[in-house]
2 protein chains.
Amino acid sequence: MPDTTSSAPLRIALAGLGTVGAGVIRLLDANADLVTARAGRPLEVVAVSARDRNRDRGVDLSGFAWEGDMTQMASRGDVDVVVELVGGADGPALTLARDTIAAGKGLVTANKAMIAHHGLALAESAEAQGTALKFEAAVAGGIPIVKGLREGAAANSIEHIYGILNGTANYILSTMESSGADFATTLKDAQELGYAEADPTFDIEGIDAAHKLAILAAISFGARVDFEAVACEGISRVRAADIAQADALGYVIRLIGMADISTDSSGAPVLLQQVKPCLVPKGHPLAHVTGPTNAVVAEGNYSGRLLFQGAGAGEGPTASAVVADLIDIARGEAGAPFSVPAAALQAMAPAESGARIGQTYLRFTVSDRPGVLAEITAAMRDADVSIESLIQQGRANDGGEVLVAMVTHDGPESCVTYALQLLADSDSLTAPPLVMKILED
Amino acid sequence: MPDTTSSAPLRIALAGLGTVGAGVIRLLDANADLVTARAGRPLEVVAVSARDRNRDRGVDLSGFAWEGDMTQMASRGDVDVVVELVGGADGPALTLARDTIAAGKGLVTANKAMIAHHGLALAESAEAQGTALKFEAAVAGGIPIVKGLREGAAANSIEHIYGILNGTANYILSTMESSGADFATTLKDAQELGYAEADPTFDIEGIDAAHKLAILAAISFGARVDFEAVACEGISRVRAADIAQADALGYVIRLIGMADISTDSSGAPVLLQQVKPCLVPKGHPLAHVTGPTNAVVAEGNYSGRLLFQGAGAGEGPTASAVVADLIDIARGEAGAPFSVPAAALQAMAPAESGARIGQTYLRFTVSDRPGVLAEITAAMRDADVSIESLIQQGRANDGGEVLVAMVTHDGPESCVTYALQLLADSDSLTAPPLVMKILED
């Protein structure tokens, strides 16, 4: 267990020297005096490890011991805390995390996949060992949202937690909004500008956001982390026409991760977790979040709506979050990683999404022929879905398709689902409809 | 010193049973289970005190000891922490705070005036006693900005801290914006709706915001709290015409508290602290903050821009912040109230505001006669102030006045000040000009 009372340096081993690892070293050097003053003791890197020893990272590593096998860091006698910045839900990162905690050392990680999959087991071990497990950098980059929930909003029953959890997806959607360009073009530009990776799947399909959401939901609701239960849908089906129609109706489109707690018919708590593109009213704070920014809204039963916004990724912001965790540990703060002891986190069944009452945006791509609109509106009527507004594009596009977009009045999502079932076999629809929730203002 | 390791209840004495005090009691009752789980032990109110024992506050006080003289709470043997919600920079609140800390008990307060004036001395005592002094609720209501700076952004050198720190002033300005009404009418409506007090001086003249700013500046920059050095200007001189002209130029008007650190010619750190109405570009996150909401921007050298937004006052949000502090104490978190030890906070001289480079909005009220515009623009030229845009109202108002509004290019504020000196004796001006900084995007 790290010595949390002395003014002796907190001795750090750093596994992974990519962008964030190099950023941590730079930050600890540039801000050394103030970090020492705030932590009450120096933060001192003693050992580092990475795949390639010889790569130039623009930081001087000569003062640190080099560990060829990073999993050996856990057993070094000269280390109090290991910072894991290797990534990957399993493999060496997980081995290092387990061994570090088992050795009674603190662990700081930016690894959202590992925490989403194994955070619960790691937290149980850390609590049993009385050592720290911290992952501020795993959620929303530089935004201190884990601390914001664990400490800032700790007095509240959180009623809703939702936000923009992936900067790449937000960059693409907000760029489509300002440029009018389509998804494929915007993604390609984003890749060239470095806002999207060569393989963008994790970002644009919502998986990265789902990792973060599962962590936020656990802290917010005292639930066991359940990544598998996150219903996940990406942004690749959002068209320029959807953004234009949303705009005409007073909305923007954002990829929103949201978690809500409710009770099922037997009174047991059930957890809704989903990452999906949503319509956000232009007056909502999340509508103004553009570019690669992240923002999280926590609605507490006493605090009301709290908004936390900042850079969702990048060297500086992520290093800022990692070092904030190290300062916490240096100060002796080593409480339950998920705010309540891991053993007290409740297993909650996934909620039926259909029970939600709200407005929905539906966009159909249909053949340009008579009667199609009547078919769609009849299905809505038969499913008891009330339509607030409907836009039909005047002319077919190059593929002979017409877009029909509509916004429903408040109603149960299950009715919308039923309407779509009624239309499932229709040969008027040229592609599966795009269905997006509308956030309340 | 409170017992911070056991699972015994944290025993609380509550001084002041106004809106916030009653809210704390309600919150601790409604959220008892989750607060206990997160704090690791029950939070238990044992004694209360207020001026009037018989007033109906809508909460059951029968389970608590009644303390007729609240300053006696400090010496009660059955109390670990005193919550001070009485208010007033001095008087009984300060006596209670001093005695509580001297007795080795923790102190939680929502009293911004007391912390702005005496926070440094109280922090020194608390650190000497090894006990907690916490004041999350003193700044920006329910927004966890003290924790956000002390913990979330702890790794950063804060480069700028600024925000909307007074809900009443923001309600008035944003209502003037949406309604087009003038200041006096809007204030009167706000008073009738309960958004402004009968004596609104502290809110509309920026004093309340200045208290909060002085606290934020100390934490952000490691400076000794220096409320007296805050340059303070309220919103009562802002006219509907200013808001309309700002709008035409792409801005909204907000009462902004801002603090910046820089160095003087000898290299010593100097601190700029001011609360003033400012023009905020419509693309800036603070431009979207309407109604009685608060929002704080902290720009760190690694985190980049962080935004914290939420309710700035009210029973629920303030109680949320008070209880978050109590949970911190129950968890054993009793670090330096201003992030670094009080003795390490630096005395910093006030910065010369004129050194700032930026854009400025100037609004003159002038007599409706020939040559006035030439006089003003000549003064600008002679002071080396470059004008980006100028709007002159077409016709004189009822008082025979014409408004001339202009926005300068980037330049030193000292030049603007010099231009105003050149015009000080002009009999063309019917009132002192209104000068507002323009925030960068």
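This note sets out numbered points on a predicted model with chains A and B.

1. Basis of the model. Because the structure is predicted, local features need pLDDT of at least 70 and side-chain atom pairs count only at pLDDT 80 or more, while totals for chains, interfaces and linings use all residues. Residues are numbered from 1 along each chain as its sequence is written, chains are lettered from A and ligands numbered from 1 in the order in which they are written, and side-chain values use heavy atoms, with hydrogens and water left out.

2. The annotated residue. An unreviewed UniProt entry carries the annotation "active site" for A:Lys212; UniProt positions are given in the numbering used here, feature names are shortened, and annotations may be inferred rather than shown by experiment. A:Lys212 lies in helix H9 of chain A, residues 207–221. Helices (H or I, at least four residues) and strands (E, at least two) are DSSP runs, numbered from the N terminus.

3. Surroundings of A:Lys212. With a relative accessible area of 3%, A:Lys212 is buried. Buried means under 20% relative accessible area, exposed over 50%, and partly exposed in between (1.4 Å probe, protein chains only). Beyond its neighbours within four places in sequence, A:Lys212 is in contact with residues including A:Lys112, A:Leu165, A:Asn166 and A:Asn294, where contact means heavy atoms within 4.5 Å. The side chain of A:Lys212 also makes a polar contact of 2.7 Å with that of A:Asp208. A polar contact is a pair of N or O atoms within 3.5 Å; within protein, one must be able to donate a hydrogen and the other to accept it, and residues adjacent in sequence count only if both atoms are side-chain atoms.

4. Domains of chain A. Chain A is assigned domain 1 (10–138), domain 2 (149–311) and domain 3 (354–438), with bounds that come from an automatic or database domain assignment. The C-alpha centres of domain 2 and domain 3 of chain A lie 23 Å apart. Their contact takes 17 residues from domain 2 of chain A and 18 residues from domain 3 of chain A.

5. The interface of domains 2 and 3. About 1600 Å² is buried between domain 2 and domain 3 of chain A, and carbon and sulfur atoms give 57% of this area. Buried area is the accessible area (1.4 Å probe) that two parts lose on being put together, summed over both. Two salt bridges are found across this interface of chain A; a salt bridge is a side-chain nitrogen of Lys or Arg within 4 Å of a carboxyl oxygen of Asp or Glu. On the domain 2 side, helix H10 (240–249), strand E9 (251–263) and strand E10 (269–281) of chain A each supply at least two residues.

6. The interface of chains A and B. Here 47 residues of chain A are in contact with 47 residues of chain B, and the area buried is about 3600 Å², of which carbon and sulfur atoms give 54%. A:Arg38, A:Ala155 and A:Tyr302 supply 21% of the area that chain A buries against chain B, more than any other three residues. The count of salt bridges between the chains is zero, whereas 22 residue pairs (both at pLDDT 80 or more) are in polar contact. Helix H9 is among the elements of chain A that each supply at least two residues to the side touching chain B.

7. Salt bridges around B:Glu333. A search of the whole structure finds 44 salt bridges over all chains. In one of them, the side chains of B:Glu333 and B:Lys134 meet at 2.8 Å, N to O. B:Glu333 lies in the loop between helix H11 (315–330) and strand E13 (349–350) of chain B and B:Lys134 in strand E6 (residues 133–134), so this pair ties together parts that are 199 residues apart in sequence. B:Glu333 is buried at 11% relative accessibility, and B:Lys134 is buried at 6%. B:Arg150 also forms a salt bridge with B:Glu333, the closest N and O atoms being 3.7 Å apart. Since B:Arg150 lies in helix H5 (residues 145–152) of chain B, this second pair ties together parts that are 183 residues apart in sequence. B:Arg150 is buried, with a relative accessible area of 4%.
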